[in-house]
Amino acid sequence: MPFIEVKIIEGVLPDEKMPELIAALTNAVVQVGGEGFRPMTRCVVQEVRSGWWGAAGKPLTTEVALSGVQAANQQSARGPS
């Protein structure tokens, strides 16, 4: 039985997007393993408190993560450089 565990900093992904994330992760497993995996696939999304996640030895906050997401989205919208 596939078990997918995702940890994300609180507030980075809106609550209303969580079902979409869970569906996309399940679909990824089904794409690789076949439709028989769908009923067996389990997903858990855990939000980590802002500042309690570390990267490169420093705390990572919701604000920093969101600014990185926004920058990546803008870059993606501009297309390949």
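Predicted model: local features only at pLDDT ≥ 70, side-chain atom pairs only at ≥ 80, totals over all residues.

Residues are numbered from 1 along each chain as its sequence is written, and side-chain values use heavy atoms, with hydrogens and water left out.

Next, switch to a cartoon view. The protein chain has two helices and four strands, in the order β-α-β-β-β-α along the sequence. Helices (H or I, at least four residues) and strands (E, at least two) are DSSP runs, numbered from the N terminus. The radius of gyration of the protein chain is 15 Å, well over the 12 Å that the globule rule gives for 81 residues, so the chain is more spread out than a compact globule. That radius is taken over C-alpha atoms, and the globule rule is 2.2 Å times the number of residues to the power 0.38. Along its principal axes the C-alpha trace spans about 40 × 35 × 25 Å.

Colour the residues by accessibility. Buried residues make up 16% of the 81 residues in the protein chain; buried means under 20% relative accessible area, exposed over 50%, and partly exposed in between (1.4 Å probe, protein chains only).

Select residues 2-62. An unreviewed UniProt entry annotates this stretch as "domain: 4-oxalocrotonate tautomerase-like"; such annotations may be inferred rather than shown by experiment, and UniProt positions are given in the numbering used here, with feature names shortened. Over residues 2-62 the chain is 28% helix and 33% strand, and the end C-alpha atoms are 29 Å apart.

Now pick threonine 62, which lies in helix 2 (residues 62-78). Is threonine 62 buried or exposed? Threonine 62 counts as buried because its relative accessibility is 10%. Leaving aside neighbours within four places in sequence, threonine 62 is in contact (heavy atoms within 4.5 Å) with Ile9, Glu10, Gly11, Val12 and Ser50.

Follow helix 2 from end to end. Its 17 residues should span 24 Å at 1.5 Å a residue, and the end C-alpha atoms are 24 Å apart, which agrees. The expected span is 1.5 Å times one less than the number of residues. Just after helix 2, select glycine 79, which takes a positive phi of about 90°.

Go back to alanine 55, in strand 3 (residues 53-55). Alanine 55 is partly exposed, at 39% relative accessible area.

Finally, show the charged side chains. How many salt bridges does the structure hold? There are three, a salt bridge being a side-chain nitrogen of Lys or Arg within 4 Å of a carboxyl oxygen of Asp or Glu.

- Glutamate 5 and lysine 7 meet at 3.6 Å, N to O. Glutamate 5 is partly exposed at 45%, and lysine 7 is partly exposed at 45%.
- Lysine 17 and glutamate 20 meet at 3.0 Å, N to O. Lysine 17 is partly exposed at 34%.
- Glutamate 35 and arginine 38 have their closest N and O atoms 2.5 Å apart. Arginine 38 is partly exposed at 33%.
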